[in-house]
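Visitor: I am new to this structure and would be grateful for a guided account. May I put some questions after looking at the sequence and the model?

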Amino acid sequence: MDKLIIEGGRPLHGEVCISGAKNAALPIIAATLLTGGEHVLTNVPDLRDTRTMLSLLAEMGVRHRRDGSTLSIDSSDITEAEVSYDLVKTMRASVLVLGPLLARLGRAKVSLPGGCAIGARPINFHISGFQRLGVTCRLEHGYVEAFAAGRLQGNSVYFDIPSVTGTENILMAAVLAEGDTIIKNAAREPEVTNLVDTLTAMGASIEGRGTAELIVHGVDRLHPASVAIIADRIEAGTYLIAAAATGGEVVVSGCRPDHLPALLEKLAEVGVDIVTVDNHVTVRADPISRARLKGVDIKTMPYPGYPTDLQAQIMSLMCLCDGMSVIKETIFENRFMHVAELRRLGADIRIEGNTAAVRGLGPGGFNGARVMATDLRASSSLVIGGLAAAGRTEISRIYHLERGYENLVEKLCAVGARVWKETD
Ligand code: EPZ
């Protein structure tokens with residue numbers, strides 16, 4: 001298996017260009033199942049997860065071709081409406097095909113996603129939402145078998161928790177339903193809004209864009225569309241935090257600062273020198289003269305609160321500040337898998353339930369070590385730790401990283417990091 005080697009302790013200098021958002025591309029690729037004809041998606045990242053989603057659609061008869069970051073997808077001839085466990089177990093976002101298949105064909109059979117490192121990851125909200133729209137769902141042999149006697153029927157759907165993919169699945173199921181669907185306590189993440197814009201471009205009628213109440217007026221037919229995937233706010237946030245952790249001056253370009261309100265506020269509170277101009281964010285943290293950074297408290301919340309997908313990354317930074325910080329993870333039940341590995345770099349972190357108390361060690365707090373990636377965002381927190389650590393860090397199981405960070409090694413080398421891949 002591949003591992004990442006980092007010779008750390010070097011300030012980063014230069015520019016990182018942000019790719020399209022994984023978590024916007026996955027639902028939008030699934031949405032192309034809603035209608036035949038050729039869809040054109042631009043700014044699509046080439047990642048393990050986007051390749052998995054395209055393989056999954058190809059098994060159903062969907063044709064696609066990639067030209068750089070532009071994807072052309074044609075789902076005119078769907079031959080299959082079933083997704084196997086082998087694919088779903090590698091990427092739980094496979095469940096996003098349920099909504100469009102039910103809308104277009106009235107039937108779908110998808111393996112239940114297993115849990116993953118960060119939690120049980122149930123899909124009960126998805127299932128109960130489909131049932132509200134007149135779908136019968138049978139859970140048998142580890143599969144969800146869903147079907148509707150005729151056209152789906154609009155209805156009100158309420159989410160106890162503003163589920164991101166739950167909102168996306170019900171949106172895609174509702175756009176071709178008879179009548180109106182009102183989604184209450186909907187997720188407001190920018191990736192959901194990117195999907196709303198995509199469905200609207202395909203001819204859907206949706207009100208409440210960007211709010212927690214989405215109203216879908218069902219239409220009789222849709223048409224293919226050309227849409228741009230938004231910049232990946234989690235990738236951008238990861239590089240901003242990395243720059244703050246190593247010192248130096250990094251311009252993160254092609255991003256959407258307005259999609260990172262909580263992170264930018266928190267980095268300012270920490271004492272990081274940040275300048276935002278249009279779609280560029282510059283972090284300056286001169287390693288010598290820089291003001292000492294101070295630990296702050298973090299509580300993950302649904303958007304626009306602090307994103308759970310940037311919790312592991314900022315925990316690395318908190319280890320390198322002065323003073324204590326308390327990090328509370330409210331979204332997932334097991335999202336501290338990175339703590340044991342950060343401790344190998346020297347971190348002083350105590351966990352009680354969903355709360356981690358981090359004692360800041362100052363900028364020189366980490367020493368390189370061999371560590372193991374456990375999930376996508378935990379692995380990026382180890383990269384940040386390795387970049388800041390004195391000496392050499394080796395990160396194993398880096399296939400986790402390749403799920404969500406396009407050209408990571410190239411982008412880090414372009415800002416002066418000493419990082420490369422080796423095969424174990
Ligand atoms: C999406 O996952 C993202 N994935 C996750 O990013 C992200 O961490 C998460 O939203 C929260 O922002 C994609 O968009 C592909 P949820 P999702 O449904 O939709 C519980 C990454 O690193 N829940 O918003 O699966 C659930 O267990 C990934 O890129 C139910 O109980 O998350 C969790 O505690 C990781 N029943 C909470 O709700 C359900 O039916 C929020 O989950 C659905 C969710």
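Visitor: What volume does the second largest cavity have?
Guide: The model shown here is predicted. A search of the whole structure finds two cavities of 30 Å³ or more. The second largest cavity has a volume of about 30 Å³.

Visitor: Which residues line the second largest cavity?
Guide: By class, this lining has two nonpolar, one polar and four charged residues. At least three of its residues come from each of domain 1 (2–19 + 231–423) and domain 2 (22–228). The residues that line the second largest cavity are Ala21, Lys22, Asn23, Glu191, Asp232, Ile234 and Arg377.

Visitor: Which helix gives the largest share of the lining of the largest cavity?
Guide: The largest cavity has a volume of about 50 Å³, and its lining includes Thr238, Ser380, Leu401 and Leu412. Helix H8 (233–246), H12 and H14 each supply at least two residues of this lining. The largest share, four residues, comes from H12.

Visitor: How many charged residues does the lining of the largest cavity have?
Guide: Among the residues that line the largest cavity are Tyr239, Ala242, Val383, Ile384 and Leu387. By class, the lining has nine nonpolar and two polar residues, and the number of charged residues is none.

Visitor: Which helix gives the most to the lining of the second largest pocket?
Guide: The pocket is lined by 15 residues, and Glu402, Tyr405, Asn407, Leu408 and Lys421 lie nearest its centre. Two or more lining residues come from each of helix H2 (48–58), helix H13 (399–402) and helix H14 (408–413). The lining divides into seven nonpolar, one polar and seven charged residues. With three residues, the helix that gives the most is H14.

Visitor: Which residues come nearest to the ligand?
Guide: The shell around the ligand has ten nonpolar, six polar and six charged residues. It draws at least three residues from each of domain 1 (2–19 + 231–423) and domain 2 (22–228). Of the 22 residues around the ligand, those that come nearest are Asn124, Ser163, Thr165, Asp309 and Ile331.

Visitor: Which helix supplies the largest share of the shell around the ligand?
Guide: Helix H1 (22–31), helix H5 (124–132), helix H6 (164–174) and helix H12 (376–388) each supply at least two residues of this shell. The largest share amounts to three residues, and the helix that supplies it is H5.

Visitor: What is the phi of asparagine 43?
Guide: Most residues other than glycine have a negative phi. Asparagine 43 belongs to the loop between strand E3 (38–42) and H2. Although asparagine 43 is not a glycine, its phi is positive, at about 60°.

Definitions and conventions
Residues numbered from 1 in each chain as written. Predicted model: local features only at pLDDT ≥ 70, side-chain atom pairs only at ≥ 80, totals over all residues. Heavy atoms only, no water. Near = heavy atom within 4 Å. Nonpolar A, V, L, I, M, F, W, Y, C, P; charged D, E, K, R; others polar. Domains from an automatic or database assignment. 1 Å grid on protein atoms, 1.4 Å probe; cavity = no way out; pocket = protein on both sides within 12 Å on 5 of 7 lines; lining within 4 Å. Points joined across faces, edges and corners; volume = space filled by probe spheres on them.
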